[in-house]
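Welcome! Here is a short briefing to read alongside the sequence and the 3D view.

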Amino acid sequence: MLYFCFFLHHAEKRLNSAIYRFLTRNGIDRYDPARFLDYKLEVLQMLLYCLPRFDPEQETEFLKYTKHYVRDGLLFCRMMVEAGSFASLAEYRHVRQIGAIYNNSAKTAQKSFPSLPSKADTRMKAYLRMNC
């Protein structure tokens, strides 16, 4: 446990920056100290969860080993905050991936086919035809 405390002392800046980037990634969430602390405690809990499973003989840095666990801890916190009833973290992750694909498909469609009119353009042309 003493080594873990030493590790946290030296890795705290990296963990804090990862949590801050996660909270402000979409530009929707603003920095909130209480929320930041909740997320940080979840990350520390995930680090303690994977500590007994870590094998130093694998010659892997501990933070690289824990990256997946930390990401899952952050997603779990967000899952609890969002207003949805998800059975598991895997289901929540899948729903977020579908949402990202859907969100990015509209952007790529406009880039790929700039000559296609949007719904607003079509409505505006119809309005101008009727009123002119």
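## How two helices pack

In this predicted model, the axes of helix α2 (residues 33-50) and helix α3 (residues 62-81) come within 8 Å and cross at roughly 135°. Axes here are lines fitted to C-alpha atoms, for helices over the stretch in contact, and angles run from 0 to 180 degrees between N-to-C directions. Helices (H or I, at least four residues) and strands (E, at least two) are DSSP runs, numbered from the N terminus.

**Reading the model**

- Residues are numbered from 1 along each chain as its sequence is written, and side-chain values use heavy atoms, with hydrogens and water left out.
- As this is a predicted model, local features need pLDDT of at least 70 and side-chain atom pairs count only at pLDDT 80 or more, while totals for chains, interfaces and linings use all residues.
- The mean pLDDT of the protein (the predictor's confidence in each residue, from 0 to 100) is 77, and 73% of the residues reach 70 or more.
- Among the elements, α2 has the highest mean pLDDT (87), whereas helix α5 (residues 119-131) has the lowest (60).
- Where pLDDT is low, the predicted coordinates should not be read in detail.

**The whole protein**

- The protein has five helices and zero strands, giving the pattern α-α-α-α-α along the sequence.
- Of its 132 residues, 23% count as buried; buried means under 20% relative accessible area, exposed over 50%, and partly exposed in between (1.4 Å probe, protein chains only).
- Among contacts (heavy atoms within 4.5 Å) with a separation of 6 or more, residues 24 or more positions apart account for 44%.

**More on α2 and α3**

- The two helices are oblique to each other; angles under 35 degrees count as roughly parallel, over 145 as roughly antiparallel, 65 to 115 as roughly perpendicular and the rest as oblique.
- Their crossing is right-handed, a term used if the near helix is turned clockwise from the far one by less than a right angle, with anticlockwise being left-handed.
- On the α2 side, the residues that meet α3 include Asp38, Tyr39, Glu42 and Val43, and on the α3 side they include Phe62, Tyr65, Thr66 and Tyr69.
- By class, this contact has 14 nonpolar, two polar and three charged residues; Ala, Val, Leu, Ile, Met, Phe, Trp, Tyr, Cys and Pro count as nonpolar, Asp, Glu, Lys and Arg as charged, and the others, Gly among them, as polar.
- Thr66, in helix α3, is buried at a relative accessible area of 0%.
- Beyond its neighbours within four places in sequence, Thr66 is in contact with Leu47 and Cys50.

- Ile19 is found in helix α1 and is buried, with a relative accessible area of 1%.
- Not counting residues up to four places away in sequence, Ile19 touches Phe36, Tyr39, Lys40, Val43 and Leu74.
- Ile19 and Arg71 are 52 residues apart along the chain, yet their C-alpha atoms are separated by 9.2 Å.
- Tyr20 also lies in helix α1 (residues 2-23), and it counts as partly exposed at 41% relative accessibility.
- Leaving aside neighbours within four places in sequence, Tyr20 is in contact with Tyr31 and Phe36; from Tyr20 to Phe36, 16 residues apart in sequence, the C-alpha to C-alpha distance is 7.4 Å.

**A residue of α4**

- Arg96 belongs to helix α4 (residues 89-112) and is partly exposed, with a relative accessible area of 31%.
- Arg96 and Leu75, 21 residues apart in sequence, are 10.0 Å apart in space, C-alpha to C-alpha.
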